[in-house]
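Student: I've got a model open and I'd like to learn how to read its helices. Can you walk me through it?

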Amino acid sequence: MSSNDMRVANTICLTHLATNAYARAHHLTRREMLSFDDRYHLFRYVARRPDLFDALPESRMVQELDAYVGTLA
């Protein structure tokens with residue numbers, strides 16, 4: 001597996017981890033989370049910042065996403 005492939009796989013994993021942690025923290029169903037993503041683009045936000053999210057525990061991922069959503073609301 002090339003380093004680029006590994007980076008893509010890591011980004012996908014981080015996006016899944018961060019958005020699932022966010023959904024659990026806010027008691028969102030899968031459908032609610034997808035609707036929320038349509039509005040705030042959380043998946044894209046995480047995917048564009050893999051180096052940031054790679055260094056964070058789940059609780060800080062949720063805080064980072066809360067802060068991001070707060071800038072848009």
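Predicted model: local features only at pLDDT ≥ 70, side-chain atom pairs only at ≥ 80, totals over all residues.

Student: Now the helix itself. Which residues of α2 are buried?

Tutor: Here's the general idea: an α-helix has 3.6 residues a turn, so residues three or four places apart point the same way. In α2, the buried ones are M33, D37 and Y40. Looking down the axis of α2, you'd find these buried residues within an arc of 85°, so they line one face of the helix.

Student: What sits on the face of α2 turned away from that buried side?

Tutor: That face carries R31, D38 and R39, which are exposed. The buried residues of α2, on the other hand, pack against α1, α3 and α5.

Student: How does the reach of α5 compare with what's expected?

Tutor: Helix α5 covers residues 58-72, which is 15 residues. From first C-alpha to last it reaches 21 Å, close to the 21 Å expected at 1.5 Å a residue. Its buried residues are M61, V62, E64, L65, Y68 and V69. Down the axis of α5 they fall within an arc of 160°, so they too line one face of their helix.

Student: And what do the buried residues of α5 pack against?

Tutor: Four helices: α1 (3-25), α2 (30-40), α3 (42-47) and α4 (50-54).

Student: Which residues in the largest nonpolar core touch the most other members?

Tutor: The core has 17 residues, and the ones touching the most other members are A18, Y22, L42, F53, M61, L65 and V69. The elements giving two or more residues to this core are α1, α2, α3 and α5. Take L42: leaving aside neighbours within four places in sequence, L42 is in contact with T19, Y22, M33, F36, D37, L65, Y68 and V69.

Student: Let me try single residues. Is T11 buried or exposed?

Tutor: Under 20% relative accessible area counts as buried. T11, found in helix α1, has 15%, so T11 is buried. Apart from neighbours within four places in sequence, T11 is in contact with A47 and P50.

Student: How does A67 count, then?

Tutor: A67 is in helix α5, and at 46% relative accessibility A67 counts as partly exposed. The C-alpha atoms of A67 and F36 are separated by 15 Å, with the two residues 31 apart along the chain.

Note on methods. Residues numbered from 1 in each chain as written. Heavy atoms only, no water. Expected span 1.5 Å × (residues − 1). Buried < 20%, exposed > 50% of the residue type's maximum accessible area, 1.4 Å probe, protein only. Arc of directions from axis to C-beta. Contact = heavy atoms within 4.5 Å. Core = buried A, V, L, I, M, F, W, Y, C linked by side-chain atoms within 4.5 Å.
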